[in-house]
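Student: Please take one part of this model and look at it closely. I would like one connected account of its surroundings, with every term given its cut-offs.

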Amino acid sequence: MLTISFPAQAFGTNCYVLADGPGEECLVVDPGIGIEETLREVLTTHRLKPAAVLLTHGHVDHVYSVTPVCGGELAAYIHSDDRYRLVDPLGSSSLGEQLTGMLEQQFGTKATWREPEHVVEITDSQTVSVAGIDLEVLHAPGHTEGSVMFSLPGLPEGIPDEAEVDRTLITGDVLFAGSIGRTDLPGGSAEAMQRSLRDVVHPRPDSSLVLPGHGPATTLAREKATNPHLQGL
């Protein structure tokens, strides 16, 4: 599976592009702030055509570019519990004026928002099949009400055999290398996060490659062994 990742210009949000191979349709996961130019370069270099946008949750740093990426044709997939955030993710952010001011200072214009025209609401255990790729939706609330992870049976190209992984888990802001997503923002819940870590994350196979919403990739085996938030579950 062709997998390209690159960070957004703000908050270091990882944007992922997934495809069966060069010259194919692709999925764009979490198009954050200021990713459009880099995304165009990736699509041109690998001759890819976007088929849909997948969102791990509705925070502005993960969805800011969803509407220009989708245009008027592509659908944006988001869990039903976070659907409301696409109405106005700037307004629903706890950073409020601080965030919009920061974006204006960085990019020279005030942040604006337009809701995507086509939104598909997804639910727990659903299989999303787009661009020849099948992803299982795993609802894992705690960071937001509608946070999800996406499980794929394949691996990115170039993963060495000694990595001892055989599947991929895109975790958004549920799980990071050595940490987890914060739970003190609107819609967050420490109790829900603890349940998600215990009932959704921990039971996943150790052989899962973890592609998080921020920071470097890791493996679930490594996180179960070293991540303090997964201890004692």
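**A strand and its salt-bridged surroundings**

Tutor: Histidine 139 has valine 148 as its bridge partner in β9. The model is a predicted one, in which local features need pLDDT of at least 70 and side-chain atom pairs count only at pLDDT 80 or more, while totals for chains, interfaces and linings use all residues. Residues are numbered from 1 along each chain as its sequence is written, and side-chain values use heavy atoms, with hydrogens and water left out.

Strand β9 covers residues 148-152, strands (E, at least two residues) and helices (H or I, at least four) being DSSP runs numbered from the N terminus. On one side, β9 runs antiparallel to strand β8 (residues 133-139), and four bridges join the two; two strands pair if DSSP finds at least two bridges between them. Three bridges also join β9 to strand β10 (residues 167-172), again in an antiparallel arrangement, and here serine 151 has leucine 169 in β10 as its bridge partner.

The strand is mostly covered, since five of its five residues are buried, where buried means under 20% relative accessible area, exposed over 50%, and partly exposed in between (1.4 Å probe, protein chains only). Both faces share in this: Val148, Phe150 and Leu152 are buried on one side, and Met149 and Ser151 on the other.

Glutamate 145 forms a salt bridge with arginine 85, their closest N and O atoms being 3.0 Å apart; the term requires a side-chain nitrogen of Lys or Arg within 4 Å of a carboxyl oxygen of Asp or Glu. Because glutamate 145 lies in the loop between β8 and β9, and arginine 85 in the loop between β5 (75-79) and α4 (89-92), the pair ties together parts that are 60 residues apart in sequence. Glutamate 145 is partly exposed, with a relative accessible area of 27%, whereas arginine 85, at 1% relative accessibility, counts as buried.

A search of the whole structure finds eight salt bridges, and one of them joins aspartate 206 to lysine 224, with the closest N and O atoms 2.7 Å apart. That pair links distant parts of the chain, 18 residues apart: aspartate 206 is in the loop between α6 (190-201) and β13 (208-212), and lysine 224 is in helix α7 (residues 220-226).
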